[in-house]
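Work through the exercises below with the structure open. Each one is followed by a solution in steps.

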Amino acid sequence: MRTAKITRKTAETEISVEINLDGTGTYDNETGVGFFDHMLDQLSRHALIDMTVRAKGDLHVDDHHTVEDVGIALGQALTQAMGDKKGIVRYGSCLLPMDDALVRAALDLSARPFLVWNLDLPSQKIGTFDTELVREFFQALSTHGGITLHIDGLHGVNSHHITEAAFKAVARALRDALETDPRKADAVPSTKGAL
């Protein structure tokens with residue numbers, strides 16, 4: 001089973017993440033940040049990763065530490081659950097429309113973290129959620145998940161739609177990359193022999 005459980009405790013946050021990469025997209029996410037929970041639910045559902053996230057953070061300061069630290073813990077959980085990456089497809093991409101928004105995500109589960117971010121969010125807030133935290137989450141996920149991740153916003157005027165399209169596009173790309181390659185299920189997808 002490709003599963004992992006990560007707990008992370010700092011002076012600012014206390015996080016637990018449980019995932020199953022071979023799930024059905026069942027989710028139970030409670031971070032204290034409503035919009036962020038909604039985005040984590042989308043990530044789980046569209047990647048078909050079963051996910052349970054619990055976070056207690058210093059929300060009296062702001063949402064930054066909670067969102068970033070969940071990204072760190074989720075990236076660590078992905079790394080742990082993938083193990084040696086034997087048999088995975090490795091690459092995934094998705095061009096995802098949501099109403100006015102069109103977002104492209106492409107990724108490589110390379111163990112070489114790199115984020116290319118070309119996503120403009122027209123408003124500074126979605127409800128009470130700071131839109132700058134969307135990039136912070138994906139930066140933490142990419143870094144601690146060892147993911148080369150490109151996210152490009154091609155169209156969009158509504159920050160909620162653009163953000164949700166980004167989470168769904170990354171989810172669909174992850175789903176493809178994590179699938180077992182039926183033609184090479186016994187090998188690591190690299191000429192180096194390791195990722």
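Helix axes are lines fitted to C-alpha atoms over the stretch in contact, and the angle between two helices runs from 0 to 180 degrees between their N-to-C directions. The model used here is predicted.

**Exercise 1.** Find how helix α3 and helix α4 pack, and state the angle and the distance between their axes.

Solution. Step 1: locate α4 at residues 159–178. Step 2: the packing angle of α3 and α4 is about 15°, and their axes lie 11 Å apart. Step 3: angles under 35 degrees count as roughly parallel, so α3 is roughly parallel to α4. Step 4: the crossing of α3 and α4 is left-handed.

**Exercise 2.** Which residues of α3 and α4 meet, and how do they divide by class?

Solution. Step 1: on the α3 side, take V134, F137 and F138. Step 2: on the α4 side, take T163, A166, F167 and V170. Step 3: sorting this contact gives six nonpolar residues, one polar and no charged.

**Exercise 3.** Which residues line the largest cavity, and what is its volume?

Solution. Step 1: the volume of the largest cavity is about 30 Å³. Step 2: its lining consists of L43, I49, M51, L74, L78 and L174. Step 3: by class, the lining has six nonpolar, no polar and no charged residues.

Terms used. Residues are numbered from 1 along each chain as its sequence is written. This is a predicted model: local features need pLDDT of at least 70, side-chain atom pairs count only at pLDDT 80 or more; totals for chains, interfaces and linings use all residues. Side-chain values use heavy atoms; hydrogens and water are left out. On a 1 Å grid over the protein atoms alone, a cavity is a set of points where a 1.4 Å probe fits but cannot get out, and a pocket is an open set with protein on both sides within 12 Å along at least five of seven lines; lining residues have an atom within 4 Å of a point. Grid points are joined across faces, edges and corners, and a volume is the space filled by probe spheres set on the points. Ala, Val, Leu, Ile, Met, Phe, Trp, Tyr, Cys and Pro count as nonpolar, Asp, Glu, Lys and Arg as charged, and the others, Gly among them, as polar. Helices (H or I, at least four residues) and strands (E, at least two) are DSSP runs, numbered from the N terminus. Angles under 35 degrees count as roughly parallel, over 145 as roughly antiparallel, 65 to 115 as roughly perpendicular and the rest as oblique. A crossing is left-handed if the near helix is turned anticlockwise from the far one by less than a right angle, and right-handed if clockwise. Contact means heavy atoms within 4.5 Å.
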